[in-house]
Amino acid sequence: MLHRFGEVRFVAHGSSMIPSIYPGDLLTVRSESVTSARSGEIVLFLLGGRFFVHRVMRKWPQRDRVLFATRGDALPQEDPPVDGSQLLGRVTAILRYGKRINPANHVRPWKKFLRWGVQNSTMFAKTLLAAHLLRARIFGSGSPETTGTPGKQLQECV
């Protein structure tokens with residue numbers, strides 16, 4: 001569908017990309033060529049029959065193909081190498097609480113601190129998710145994905 005229409009929207013599940021993407025965020029993904037994918041971008045790819053939205057850490061050529069190293073912002077380790085043929089598109093927009101968020105490649109110091117916190121502390125990640133869920137309940141998000149518990153959501157992705 002993505003290759004046919006060029007763009008797709010879907011609701012994010014899991015918490016491997018907090019603090020950049022939270023469960024319940026509406027993501028817009030645009031089909032892009034493998035050669036245009038750059039380090040720091042958030043991409044959608046297929047690995048082991050499952051869809052993932054993670055950040056490109058680096059890419060390199062290997063024989064007649066291109067490989068990517070990807071990682072969820074909340075995860076301490078990279079994913080297994082992703083072949084360029086598994087790359088489906090790039091996240092071009094994030095909609096959270098009705099507000100559009102630009103998935104910028106340049107990460108500000110505050111976001112780097114939050115990433116470090118979720119990568120190194122399960123309690124920090126659970127607290128961040130709990131704050132997100134509380135905000136969603138207070139301000140309403142219209143998304144059923146924000147009604148779970150932070151511990152359960154963290155276990156699903158970590």
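The backbone nitrogen of Arg38 lies 2.9 Å from a polar atom of the Glu41 side chain. A polar contact is a pair of N or O atoms within 3.5 Å; within protein, one must be able to donate a hydrogen and the other to accept it, and residues adjacent in sequence count only if both atoms are side-chain atoms. The model is predicted: local features need pLDDT of at least 70 and side-chain atom pairs count only at pLDDT 80 or more, whereas totals for chains, interfaces and linings use all residues. Residues are numbered from 1 along each chain as its sequence is written, and side-chain values use heavy atoms, with hydrogens and water left out.

Glu41 sits in the loop between strand S2 (26-30) and strand S3 (42-47). Helices (H or I, at least four residues) and strands (E, at least two) are DSSP runs, numbered from the N terminus. The relative accessible area of Glu41 is 9%, so this residue is buried. Buried means under 20% relative accessible area, exposed over 50%, and partly exposed in between (1.4 Å probe, protein chains only).

Eight salt bridges were counted, each defined as a side-chain nitrogen of Lys or Arg within 4 Å of a carboxyl oxygen of Asp or Glu. Arg55 bridges to Asp73, with the closest N and O atoms 2.9 Å apart. This pair links distant parts of the chain, 18 residues apart: Arg55 belongs to strand S4 (residues 50-62), and Asp73 to the loop between strand S5 (65-71) and strand S6 (82-83). Arg55 and Asp73 are both buried. Asp73 also forms a salt bridge with Arg115, at 3.3 Å between the closest N and O atoms. Here the separation is 42 residues, from the loop between S5 and S6 to Arg115 in helix H2 (residues 109-120). Arg115 is buried, as is Asp73.

Arg65 is in strand S5 and Asp83 in strand S6, so the pair ties together parts 18 residues apart in sequence. Arg65 has 38% relative accessibility and therefore counts as partly exposed. Asp83, at 14%, counts as buried.

Strands S3 and S4 run antiparallel and are joined by six bridges. Two strands pair if DSSP finds at least two bridges between them. Leu47 has Arg50 of S4 as its bridge partner. S3 and S4 make a hairpin with two residues between them, and Gly48 in the turn has a positive phi of about 60°. S4 and S5 also pair in the antiparallel sense, over seven bridges. Arg55, which bridges to Asp73 through its side chain, has Arg71 of S5 as its bridge partner. The S4 and S5 hairpin has two residues between its strands, with Arg63 in the turn at a positive phi of about 55°.

Helix H3 (residues 122-139) has 18 residues and reaches 26 Å from its first C-alpha to its last, close to the 26 Å expected at 1.5 Å a residue. The expected span is 1.5 Å times one less than the number of residues. Ala125, Leu128, Leu129, His132, Leu133 and Ala136 of H3 are buried. Seen down the axis, the buried residues fall within an arc of 135°, so they line one face of H3. The arc is that of the directions from the helix axis to the C-beta atoms. An α-helix has 3.6 residues a turn, so residues three or four places apart point the same way. On the other side of H3, Met123, Leu134, Arg137 and Ile138 are exposed.
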